[in-house]
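Hi,

Here is the structure I promised to pass on. Please look it over, then read my notes below.

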Amino acid sequence: MTAGGGTSHTGAKHYYYICHSKRKGGCHKSSENKNTLEFTVANAVYEFLSRRENAEIAAQDTINYYEQRTGEDSLRSIEARIRHAQDEAEQLTNAFILARNDMLRANIEKKMQEIEILIKDLSASKAQIELELGKKYTKETIIDFIAEMLKGDPADKEYQKQLIDNLVYKVFVYDDHIITYLTFGNDKDIKEISLADNDKAIDELKVQPLSPLVHH
């Protein structure tokens with residue numbers, strides 16, 4: 001959904017979220033009041049993490065993800081992707097030299113720029129992992145962080161922004177309920193969750209209204 005707004009005939013401003021494809025007729029979901037939706041999500045996160053058992057699950061998910069992310073296999077995988085991208089960049093350079101027309105050179109140059117960006121992003125990820133290596137996080141450290149995050153009022157707009165920006169990864173909004181996914185755990189799994197996956201998880205796996213991962 002995309003944030004939007006408008007002015008009524010009385011001059012009052014109204015802010016809302018609306019489907020990307022609403023105006024093209026590709027979505028029949030009704031718009032959602034921006035303030036109400038943001039409060040609902042922030043309050044759900046607040047209430048969910050206020051329960052000790054949920055905070056412990058979130059903390060363990062974070063530790064598991066950190067250990068997987070900073071493991072040798074993860075680092076080797078990124079290094080392999082960097083080498084592959086560098087080899088591809090070298091091949092494109094040779095192709096550019098041998099290109100016989102301007103259109104072909106332009107296409108190759110565009111692809112080379114994309115590869116350069118990819119190498120830069122992968123190198124940054126590698127550097128971040130190397131920086132994180134050796135750091136030790138415990139469940140209690142993360143639970144303390146959660147407790148610190150919960151020192152606020154979900155009705156406060158700045159606090160809502162803090163909770164949503166730091167802890168919320170994805171939100172599915174239905175007319176009668178909202179499913180919120182937190183950033184604790186494997187962000188790759190969360191990133192790849194589609195609306196169909198979400199519906200299936202709710203139906204088959206009995207996912208709670210607010211859950212850190214679809215497979216919980």
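Helices and strands here are DSSP runs, at least four residues (H or I) for a helix and at least two (E) for a strand, numbered from the N terminus. Note that this is a predicted model.

Overall layout. The chain has 8 helices and 6 strands. From the N terminus on, they run β-β-β-α-α-α-α-α-α-β-β-α-α-β. The chain holds 216 residues, and 31% of them count as buried. Among contacts with a separation of 6 or more, 54% join residues 24 or more positions apart.

Helix pair. I looked at helix 1 (residues 34-50) and helix 6 (residues 157-167). Their axes come within 9 Å and cross at roughly 65°. Angles of 65 to 115 degrees count as roughly perpendicular, and the two helices are therefore roughly perpendicular to each other. The crossing of helix 1 past helix 6 is left-handed. Helix 1 contributes Asn35, Glu38, Phe39, Val41, Ala42, Val45, Tyr46 and Leu49 to the contact. Helix 6 brings Lys157, Tyr159, Gln160, Leu163, Ile164 and Leu167. By class, that contact has 10 nonpolar, 2 polar and 2 charged residues.

Threonine 70 sits in the loop between helix 2 (52-69) and helix 3 (72-98). Is threonine 70 buried or exposed? Its relative accessible area is 13%. The cut-off for buried is under 20%, so threonine 70 is buried. A polar atom of the threonine 70 side chain lies 2.8 Å from the backbone oxygen of tyrosine 66. Leaving aside residues up to four places away in sequence, threonine 70 touches Ile129, Glu132 and Leu133.

Best wishes

Key. Residues are numbered from 1 along each chain as its sequence is written. This is a predicted model: local features need pLDDT of at least 70, side-chain atom pairs count only at pLDDT 80 or more; totals for chains, interfaces and linings use all residues. Side-chain values use heavy atoms; hydrogens and water are left out. Axes are lines fitted to C-alpha atoms, for helices over the stretch in contact, and angles run from 0 to 180 degrees between N-to-C directions. Angles under 35 degrees count as roughly parallel, over 145 as roughly antiparallel, 65 to 115 as roughly perpendicular and the rest as oblique. A crossing is left-handed if the near helix is turned anticlockwise from the far one by less than a right angle, and right-handed if clockwise. Contact means heavy atoms within 4.5 Å. Ala, Val, Leu, Ile, Met, Phe, Trp, Tyr, Cys and Pro count as nonpolar, Asp, Glu, Lys and Arg as charged, and the others, Gly among them, as polar. Buried means under 20% relative accessible area, exposed over 50%, partly exposed in between (1.4 Å probe, protein chains only). A polar contact is a pair of N or O atoms within 3.5 Å; within protein, one must be able to donate a hydrogen and the other to accept it, and residues adjacent in sequence count only if both atoms are side-chain atoms.
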